[in-house]
Amino acid sequence: MMDWTDRHCRVFHRALTRRAKLYTEMLTTGAVIHGDRERLLGFDACEHPVALQLGGSNPRDLAESARIGEGVGYDEINLNVGCPSDRVQDGRFGACLMAVPQLVGECVAAMKAAVRVPVTVKCRIGIDNQDSEQALDALARSVVTAGADALIVHARKAWLEGLSPKENRDIPPLDYDRVYRLKTAMPDTMISINGGITSIEQAKAHLQHVDGVMMGRAAYQEPWRLLAVDPELFGVPAPHASMHEAIESLFPYIERERARGMRLHAITRHMVGAFHGIPGARAFRRALAENCVKPDAGIEQLRDALKLIVPAETAGAAA
């Protein structure tokens, strides 16, 4: 989710669900330690609970980055051992670390010693020609022994040789049963599942076998699905009755960000899929692309875009 789940995306998603935990895009330890911390790590108080996801393989640097993240106020520190991108491999972090479970355990131990908030790990079921039974068990045992509080498993292998990062999101077959078996083998460990989950109904089915479900691309590309999270999974009302109301609730946030010099497009680019399948959705997307990208665009341009969405009762009457 690099370049997707930035602070503006997370504020938008928080307007759709109060209960789901939000995760940052993966940040390298080098960026956290040496970069612009306000720009990279800053977040709005409304985002809680929110986890900082780190990429790295040096235990000392990960411990320092975890301390920084905890100091900023993140509720969880997550180590990514699942991203297959080329630049991740070049930096020796992400999915390539599945090959060195002992090192990942050392990283987790260093992070746990540095912070009081939970430390979790996100991984694949294996990489390349690894036996996924042995590879996932080895990684899980190593990080849990080191003190990891939870494991989030993308139920696909990552093929670092022969597949692009984009292809790695779809081509390796999903093996949900492998994650279920891990949970059976480690009943006292918090295990969440990720990969190819596109609906709340699917999430409910997975929750019969594991402790949690992570949604990535589906939540981003079709954020309207998140309005069902709180009522369907937590038994409490959604923060807002509709997507329209949720976006309007962001107006004060948008005005504050605009006053700080942030362009409207930096926020509205995350709303492209907000009204998928709703009459007026195409006109809304066009308005975002043509009007909300202008340097001086503000609340009025977004308000005008929202007016293009046909109210449900009107659409029903027309049908």
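Are Phe275 and Phe284 buried or exposed? In this predicted model, Phe275 is buried, and Phe284 is buried as well.

Helix α7 comprises the 14 residues 132–145. At 1.5 Å a residue, the helix should span 20 Å, and the 19 Å between its end C-alpha atoms agrees with that expectation. Within α7, the buried residues are Ser132, Ala135, Leu136, Leu139, Ala140, Ser142 and Val143. Because these residues cover an arc of only 165° around the axis, they lie on the same side of α7. Gln134, Arg141 and Thr145, on the other side of the helix, are exposed. At the N-terminal end, α7 is capped by Asp131, with a side-chain oxygen 2.8 Å from the backbone nitrogen of Glu133. After α7 comes Gly147, which has a positive phi, near 110°.

With a relative accessibility of 0%, Val121 counts as buried, because buried means under 20% relative accessible area. Neighbours within four places in sequence aside, the contacts of Val121 include Leu139 and Val143, both of which are among the buried residues of α7. Val121 is also in contact with Asn78, Leu79, Val81, Val108, Ala148, Ala150, Leu151 and Ile152. Between Val121 and Tyr176 the separation is 55 residues in sequence and 18 Å in space, C-alpha to C-alpha.

The side chain of Arg156 comes to 2.8 Å from the backbone oxygen of Pro172. When residues up to four places away in sequence are not counted, Arg156 touches Arg124, Ile125 and Gly126, and also Asn168, Arg169, Asp170, Pro172, Pro173 and Leu174. Gly195, Gly196 and Arg217 are touched by Arg156 as well.

One further position is taken from a record. An unreviewed UniProt entry places the feature "active site" at Cys83. In the model, Cys83 is found in the loop that runs between β4 (76–81) and α5 (86–90). The relative accessibility of Cys83 is 15%, so Cys83 counts as buried.

The count of aromatic pairs comes to 3. One of them is formed by Trp4 and Tyr220, and this pair is stacked, at 4.6 Å centre to centre with 20° between the planes. Trp4 belongs to the segment before α1 (7–14) and Tyr220 to helix α10 (residues 217–221), so the pair ties together parts that are 216 residues apart in sequence. Phe275 and Phe284 form an aromatic pair that is edge-to-face, with 4.9 Å centre to centre and 80° between the planes. As stated at the outset, Phe275 and Phe284 are buried.

Conventions:
Residues numbered from 1 in each chain as written. Predicted model: local features only at pLDDT ≥ 70, side-chain atom pairs only at ≥ 80, totals over all residues. Heavy atoms only, no water. Helix = DSSP H or I, 4+ residues; strand = E, 2+ residues; numbered from the N terminus. Expected span 1.5 Å × (residues − 1). Buried < 20%, exposed > 50% of the residue type's maximum accessible area, 1.4 Å probe, protein only. Arc of directions from axis to C-beta. Polar contact = N/O pair within 3.5 Å; in protein donor to acceptor, adjacent residues only side chain to side chain. UniProt positions renumbered as here; feature names shortened; annotations may be inferred. Contact = heavy atoms within 4.5 Å. Phe/Tyr/Trp six-rings, centres within 6.5 Å; stacked < 30°, edge-to-face > 60°.
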